[in-house]
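Hi everyone, thanks for making time.

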Amino acid sequence: MNRTVITYGTFDLFHVGHVRLLKRLAKLGDRLVVGCSTDQFNELKGKRTIMSYAQRKEMLEACRYVDSVFPESNWEQKREDILREQAAIFAMGDDWAGKFDDLADIVEVIYLPRTQDISTTEIKELVSSVKQEKKQELLNVCDHLISLAQRL
């Protein structure tokens, strides 16, 4: 009998932490289905993504551990998705521990540890800090050029 595993996420800036999580999830069953948060849903959650839903969906579909991807448009759809996909396991990263325990009446709920030392948030913060450094360097160069021009 096939055991379907279902999970959800934004999967922005697809990275090794995502790959490792999906690999571990796929090992829990025979089929892995992923609810990928839509751009509109991320806006409601206060999240700003770098990549569009279509791009994030395409990357998930290209991942060998993922069997199918569907849009996650709201918090309430999970119960219906689990039933539609006939999922045996609902699994999320442990940063969500306890949040979906109410689904345990229809599916086994599992929270897996996240990959240490990498997250989309950390990547975005790093890029932002590099941008700030480059911006400051440009401002310094501009100030220097202005002072040189004033001397002429």
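Which residues have the most contacts inside the largest nonpolar core? By nonpolar core I mean a set of buried Ala, Val, Leu, Ile, Met, Phe, Trp, Tyr and Cys residues joined through side-chain atoms within 4.5 Å. Buried, in turn, is under 20% relative accessible area, exposed is over 50%, and partly exposed lies in between, with a 1.4 Å probe and protein chains only. The answer is L22, L25, L32, V34, L60 and V66, in a core of 19 residues. Two or more residues come from each of α1 (16-27), β2 (31-37), α3 (53-62), β4 (87-93) and β5 (108-112). Helices here are DSSP runs of H or I with at least four residues, strands are runs of E with at least two, and both are numbered from the N terminus. The top contributor is α1, with four residues.

A quick word on ground rules. This is a predicted model, where local features need pLDDT of at least 70 and side-chain atom pairs count only at pLDDT 80 or more, while totals for chains, interfaces and linings use all residues. Residues are numbered from 1 along each chain as its sequence is written, and side-chain values use heavy atoms, with hydrogens and water left out.

Back to the core. Setting aside neighbours within four places in sequence, L32 is in contact (heavy atoms within 4.5 Å) with V5, T7, L22, L25, A26, Y65, V66, D67 and S68. Another core, of 12 residues, lies apart from the largest one, and its members include Y8, V33, A87 and V109. As general background, nonpolar side chains in soluble globular proteins tend to be buried together.

Now for α1 itself. This helix has 12 residues and reaches 17 Å from first C-alpha to last, close to the 16 Å expected at 1.5 Å a residue; that expected span is 1.5 Å times one less than the number of residues.

On to charges. Counting a salt bridge as a side-chain nitrogen of Lys or Arg within 4 Å of a carboxyl oxygen of Asp or Glu, the total is eight. One of them joins R31 and E85, with the closest N and O atoms 2.6 Å apart. This pair links strand β2 to helix α4 across 54 residues of chain. R31 is partly exposed at 26%, whereas E85 is buried at 14%. Another salt bridge joins R56 and D39, at 2.8 Å from N to O, linking helices α3 and α2. Here R56 is buried at 0% and D39 is partly exposed at 25%. E72 pairs with K78 at 2.6 Å; E72 is buried at 2%, and K78 is buried at 3%. Through shared partners, salt bridges join R31, D81, R84 and E85 into one network.

Last stop, N42 in helix α2 (residues 39-44). Is N42 buried or exposed? It is buried, with a relative accessible area of 0%. Beyond its neighbours within four places in sequence, N42 is in contact with T10, S37, K47, T49 and R56.
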